[in-house]
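This report describes the arrangement of secondary-structure elements in one model and the surroundings of its ligand. Please read it alongside the sequence and the coordinates.

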Amino acid sequence: MATTNVPVQVRGVRKSFGVLEVISGIDVDVAPGEFVVLVGPSGCGKSTLLRMIAGLEDITDGEILISGTVVNTLAPKDRDVAMVFQSYALYPQKTVYENMAFGLRMRKAPATTISERVQRATQMLGLGPVIERLPKQLSGGQRQRVAMGRAMVRAPKVFLFDEPLSNLDAKLRVQMRTEIKARHAALATTTIYVTHDQVEAMTLADRIVVMNAGKIEQVGPPLKLYWNPVNTFVAGFIGSPS
Ligand code: ADP
Ligand code: MG
């Protein structure tokens, strides 16, 4: 059923690139405020699924609904989602402030809204001291914070994260993971988060979706997958090592 209070519904979604089918029938609903983590081996279709939700890839078959509306043919900018990429994808010529403000400027938001939202994100992310810098003058952790800030200022219904921490060193990754958890507790924005890091998945997820070769193997809370994996594939990804 199409219900406006379900932020994301993925129904029978398939995706082919030429003759190669990379998503072979995915069904999943994400509840309001839920933090869903997608895991699975490289090439199993995690990024493609996120990109279809964001509108960056066409859907070959099936439907994606955001807040109860089918968005299959909606442009990315008209979807109530914001995506954070592994590569940050910042504008190199724009300052931290302008990188964060850009999306709202494009959408012709009032100047006061822009400055309020950017200020709030800046504060939450500790970016105040570097607000006038260019991306090349930032550390990796600061760049990732700007990428998250840019998503936050849009105040979207849904955050999509594609391996946002994988370019950071181990220590910073742990710190950022803790920050992401704290921000989610504060904002409760519905989130779909791709990672290949099992600890990240276990600590962040309300539910984990385990994908394999374009399909879902199992969906459930971290501890359920850990103790009751449905097969050896899920066990290998998430399960108890015993
Ligand atoms: P993951 O994010 O899980 O590593 P992807 O979604 O990036 O996987 O890729 C899934 C499959 O789709 C891979 O086999 C990949 O090579 C293929 N693929 C992704 N994007 C394209 C594209 N634009 N053209 C052709 N094949 C693609
Ligand atoms: Mg990927």
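Helices H2 and H4 pass each other in a right-handed crossing; a crossing counts as right-handed if the near helix is turned clockwise from the far one by less than a right angle, and as left-handed if anticlockwise. Their axes come within 8 Å and cross at roughly 30°. That angle makes H2 roughly parallel to H4. Here angles under 35 degrees count as roughly parallel, over 145 as roughly antiparallel, 65 to 115 as roughly perpendicular, and the rest as oblique. The axes are lines fitted to C-alpha atoms, for helices over the stretch in contact, and angles run from 0 to 180 degrees between N-to-C directions.

The model is predicted: local features need pLDDT of at least 70 and side-chain atom pairs count only at pLDDT 80 or more, whereas totals for chains, interfaces and linings use all residues. Residues are numbered from 1 along each chain as its sequence is written, while chains are lettered from A and ligands numbered from 1 in the order in which they are written.

**Helix packing**

Helix H3 packs against both of these helices. H2 comprises residues 96–106 and H3 residues 111–125, and their axes come within 10 Å and cross at roughly 135°. H2 and H3 are therefore oblique to each other, and H2 passes H3 in a right-handed crossing. H3 also packs with H4 (residues 140–153), at an angle of about 140° and with the axes 9 Å apart. That makes H3 oblique to H4, and H3 passes H4 in a right-handed crossing. Helices (H or I, at least four residues) and strands (E, at least two) are DSSP runs, numbered from the N terminus.

**The antiparallel sheet**

Two strands pair if DSSP finds at least two bridges between them. The table lists strand pairs from both sheets of this report.

| Strand pair | Bridges | Direction |
|---|---|---|
| S1 (residues 8–17) and S2 | 8 bridges | antiparallel |
| S1 and S4 | 5 bridges | antiparallel |
| S4 (residues 61–66) and S5 | 2 bridges | antiparallel |
| S9 (residues 207–212) and S10 | 5 bridges | antiparallel |

Ser16 has Glu21 as its bridge partner in S2. The hairpin of S1 and S2 has 2 residues between the strands, and Gly18 takes a positive phi near 60° in this hairpin. Arg14 is bridged to Asp61 in S4, and Leu65 to Val70 in S5.

**The mixed sheet**

The order S6-S7-S8-S3-S9-S10 describes an open sheet of 6 strands with mixed pairing. At its edges lie S6 (81–84) and S10 (215–220), each of which pairs on one side only. From one strand to the next, the twist averages 15°. In S10, Ile216 is the bridge partner of Met211.

Which residues are around ligand 1? They are Phe17, Val22, Gly40, Ser42, Gly43, Cys44, Gly45, Lys46, Ser47 and Thr48, where a residue is near a molecule if its C-beta atom, placed from the backbone, lies within 6 Å of it. Helix H1 (residues 46–54) gives the most to this shell, with 3 residues. The shell divides into 3 nonpolar, 6 polar and 1 charged residues; Ala, Val, Leu, Ile, Met, Phe, Trp, Tyr, Cys and Pro count as nonpolar, Asp, Glu, Lys and Arg as charged, and the others, Gly among them, as polar.

**Annotated region**

An unreviewed UniProt entry annotates residues 8–238 as "domain: ABC transporter". UniProt positions are given in the numbering used here, feature names are shortened, and annotations may be inferred rather than shown by experiment. Over residues 8–238 the chain is 37% helix and 26% strand, and the end C-alpha atoms are 24 Å apart.
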